[in-house]
Amino acid sequence: MIKSMTGFGHSQVSKEGYKVSLEIKSVNHRFLDPHIRIPRRYTLLEDRVREELKKFVNRGRLEVNINIEKIDESLRDIKLDKDLAIAYYYYLKELAEKLNISQEIRVIDIFRLPEVFSLEEKEENWENLWAVLKEAITAAMEGLLLMRINEGQNLAHDIMQRNQFILSLVEKLESRSPAIAEENMERLRRRISEIVSQQMIDENRILQEAAIFADKSSITEEIVRLKSHTGYLSDLLKSDDPIGRKADFLVQEMFREINTIASKANDLEMSQMVVEVKAELEKIREQMQNIE
């Protein structure tokens, strides 16, 4: 199934004490080119994210934004400096006596003093976190792939129509070709007769050279190859495999054949058809830039 390289997907998964939010945007690129933004604390998971993305796409630039939050307080520890708290308590008692003020000191008062306690993150359970992150990647990529498939089918339909139109033009070139060859040959004969009548030249030798020239001017081989290329392109568009690079190369070959025909064509009608074929090929090439 043909896929575009343009798409968007997002997801949010909350479990195992984590909330993972993820957004992925993709645009066309010759190769797979992921750019991953993930909180610095979790950068050691970046390579695993990169490998997971490869399971879903083969080409395209991916902009991946990942946010990870801890939502379970059990993942945090309170660290209490008991010695410091006791020292605060005795200093406060001593100060209260000297100032002759109330010595009532509550635990919460000591708790508010600097560095008595701190919040510490428990050691990460990396496998649990990866399971949540992997689920979020899968959900986001499924959304992105659905968009890529839908757009890919639209592109394939457009390219198929243009390819069929090119084939019809090639068939017209083919039907026009013999008449043009005959016309060219007749002009050559007349011109040769004029030259021979004025000079002592071997007419048979000139006619032989003219026949060779006419054969070299034939576009039969280019027509055969163009018809073959349009058939192969049609088959590619029905394939389930990524076709972007193959199709791009094929379109280049089609350009080469039609340019050769253009160099040989010495007829206004054929020249107009050549221009139409090249215009359609250019549109197909533009569309192909966005196919995986």
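The expected span of a helix is 1.5 Å times one less than its number of residues. The model shown in every view is predicted.

**Figure 1. The chain as a whole contains eight helices and six strands.** From the N terminus on, the elements follow the order β-β-β-α-β-β-α-α-β-α-α-α-α-α. The chain has 292 residues, of which 34% count as buried. Among the contacts with a separation of 6 or more, 80% are made by residues 24 or more positions apart.

**Figure 2. Helix H7 spans residues 244-264.** Its 21 residues reach 31 Å from the first C-alpha to the last, and this is close to the 30 Å expected at 1.5 Å a residue. Several positions of H7 are buried, including Gly244, Leu250, Val251, Met254, Phe255, Ile258 and Ile261. The buried positions of H7 also include two glutamates, Glu253 and Glu257.

**Figure 3. Helix H6 (residues 220-236) packs against H7.** Two packed helices are described by the angle between their axes and the distance between the axes. The axes of H6 and H7 cross at roughly 160° and come within 10 Å. Because of this angle, H6 is roughly antiparallel to H7. The two helices form a left-handed crossing. On the H6 side, the residues in contact include Ile223, Leu226, His229, Tyr232 and Leu233. They face a set in H7 that includes Ala247, Leu250, Met254, Ile258 and Ile261.

**Figure 4. Helix H8 (residues 268-288) also packs with H7.** Here the angle is about 165°, and the axes lie 10 Å apart. H7 is therefore roughly antiparallel to H8. H7 passes H8 in a left-handed crossing. The contact residues of H7 include Val251, Phe255, Asn259 and Ala262, while those of H8 include Val274, Val277, Leu281, Ile284 and Met288. Met254 of H7 takes part in the contact with H8 and also in the contact with H6.

**Figure 5. Four strands form an open sheet in the order E1-E2-E4-E3.** Strands of a sheet pair through backbone hydrogen bonds, either parallel or antiparallel. The pairing in this sheet is mixed. E1 and E3 (32-37) are the edge strands, each pairing on one side only. From one strand to the next, the twist averages 15°. Helix H1 (residues 46-53) packs on the sheet and touches E2, E3 and E4. The direction of H1 makes about 140° with that of E3.

**Figure 6. Strands E1 (residues 7-15) and E2 (residues 18-27) form a hairpin.** The two strands run antiparallel and are joined by nine bridges. Two residues lie between the strands, and Glu16 in the turn has a positive phi of about 55°.

**Figure 7. Strand E4 (residues 60-70) pairs with E3 and with E2.** In which sense do E3 and E4 pair? Their pairing is parallel, over six bridges. In E4, Val64 is the bridge partner of Ile36, and Leu62 is that of Pro34. E2 and E4, by contrast, run antiparallel and are joined by ten bridges. In that pair, Ser21 stands opposite Asn67 in E4.

Key
Residues are numbered from 1 along each chain as its sequence is written. This is a predicted model: local features need pLDDT of at least 70, side-chain atom pairs count only at pLDDT 80 or more; totals for chains, interfaces and linings use all residues. Side-chain values use heavy atoms; hydrogens and water are left out. Buried means under 20% relative accessible area, exposed over 50%, partly exposed in between (1.4 Å probe, protein chains only). Two strands pair if DSSP finds at least two bridges between them. Axes are lines fitted to C-alpha atoms, for helices over the stretch in contact, and angles run from 0 to 180 degrees between N-to-C directions. Angles under 35 degrees count as roughly parallel, over 145 as roughly antiparallel, 65 to 115 as roughly perpendicular and the rest as oblique. A crossing is left-handed if the near helix is turned anticlockwise from the far one by less than a right angle, and right-handed if clockwise. Contact means heavy atoms within 4.5 Å.
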